[in-house]
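I opened this entry to record what I looked up in the fold. The notes follow in the order in which I took them.

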Amino acid sequence: MPIETTASVVAEVPDDAELLAVPYASDLSPAVDLHLPVSDLLAHYEAKGEAGEIVEVPVARGGGIGRVLLYGVGDGSPRALRRAAAALTRRAKGRDTLTVAVPEGDVTAFAEAALLAAYTFRIGEAGKKAVRALAFAGADEGQVRRAETVAHAVALARDLANTPSSVKDPAWLAERAAEVGLPVEVWDEERLLADGFGGILAVGRGSASPPRLIQLSYTPAEPADRHVVLVGKGITFDSGGLSLKPTDNMKTQKTDMAGGAVVIAVLGALAALGAPVRVTGLIAAAENMPSGTSQRPSDVIKHYGGRTVEVLNTDAEGRLVLADALAYADAVLDPDAVVDIATLTGAITVALGRNVGAVYSSDDVLAKQLVEAGQSADDRLWRMPLIEDYTPALESSIADLANVEAGSRFGAGSITAALFLREFAGDRPWAHLDIAGVGRSTVEEGTLSKGATGFGVRVLLEWLTRG
């Protein structure tokens, strides 16, 4: 379900605002004259001006008593403003309208965070609803509209990933992709077989819901100098296949198509943001289930383009579907750069935790651009190394490659997974975003709600729309 909270811009703070939020600086001086001893009030509450700090005070307003939320903005950085905005939205839960006197600084980041904090996903009776409307007083209309577009794209990615797998399967995901209003092409199982997409077919063999390859195409209004391909992992449920996951590890696997959800959401937002680059999105979608038709450990599959892979672990399935899509992008689409995004390895959570995503890349310029875009958009990335000494982990005695290391000589599961994907990306600039740690949230905090985070939407939109 999309963010239901609406955003509007007003020139100045209205006298009859139901609930008003006013920023204050570290010296405890408010940005708006409230005809109140604000500094004394804040001193009484021992306010420090930290981002996310809120002091609620009653005021005479419109012949009655209203409420004002005095909020701190910390150092005024985009990160601090996001924290402050999210805290305000959460504080206003259940209200009809919150009017916010915007702080100095990055209003787009502020408004985006305020909207993201209003996101909810629930099946059944709703609890206390988010504030229905946010009015940003003194904001630039263009900045708020960009924030709204990005926030709704993140919400779409979250919705797709949060939808239970009893509802979504590869065909369902293809239908949702078609709804973003771009040219779409879908490979069903017969066409996948005819065209040689052996990895996607192998992963989907055990499921009653056949796999799909989904292609979305965005072309800007003006001729584009660059063509970028985004590839997303679209495993609509991952049981592990015959290499079955433990029960606890399986509970979150409806979100294993979070990378594919990000690609769909990004493609759908590009026109509204005026992205100047041509972008093709590929979502490799399958359901990884155990059955009498499942692929087996020790099977050898042939990927698009002819490369053979020995499957030593059927729970390392994401790299198998991505390999097909990457090989197709390299051979047919001929992009200037290709970026794949996937909840790929638990190992990256051990390395980077749940607040920073990983980027692996064959190209220093591309890696730098993505890291900088992530810093700006608050989808933070850390570049990880492609350690060439670990490539023997991919060796197979009977096929061109193995999908996992046969022993435990090297470990480094996230790095070896990235090295595997690189084998299919060709010689063009390529980057891999491993979002297994950041793609899901276990907390209800700030801009996050429990479940899918939509991580990757903001960084990719920032990168693709930069001049």
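I began with helix α14 (residues 457-465), which lies across β9, β10, β13, β15 and β17 and runs at about 170° to β9. Helices (H or I, at least four residues) and strands (E, at least two) are DSSP runs, numbered from the N terminus. Angles run from 0 to 180 degrees between N-to-C directions, with axes fitted to C-alpha atoms, for helices over the stretch in contact.

The model is predicted: local features need pLDDT of at least 70, side-chain atom pairs count only at pLDDT 80 or more, and totals for chains, interfaces and linings use all residues. Residues are numbered from 1 along each chain as its sequence is written, and side-chain values use heavy atoms, without hydrogens and water.

I then traced the open, mixed sheet, whose eight strands follow the order β7-β8-β10-β9-β13-β17-β14-β15. Its edge strands, β7 (184-187) and β15 (381-383), each pair on one side only; pairing requires at least two DSSP bridges. From one strand to the next, I noted an average twist of 20°. Helix α12 (residues 364-377) packs on this sheet and touches β13, β14, β15 and β17 (contact: heavy atoms within 4.5 Å).

Strands β9 and β10 are parallel over 11 bridges, and Leu 230 stands opposite Gly 281 in β10.
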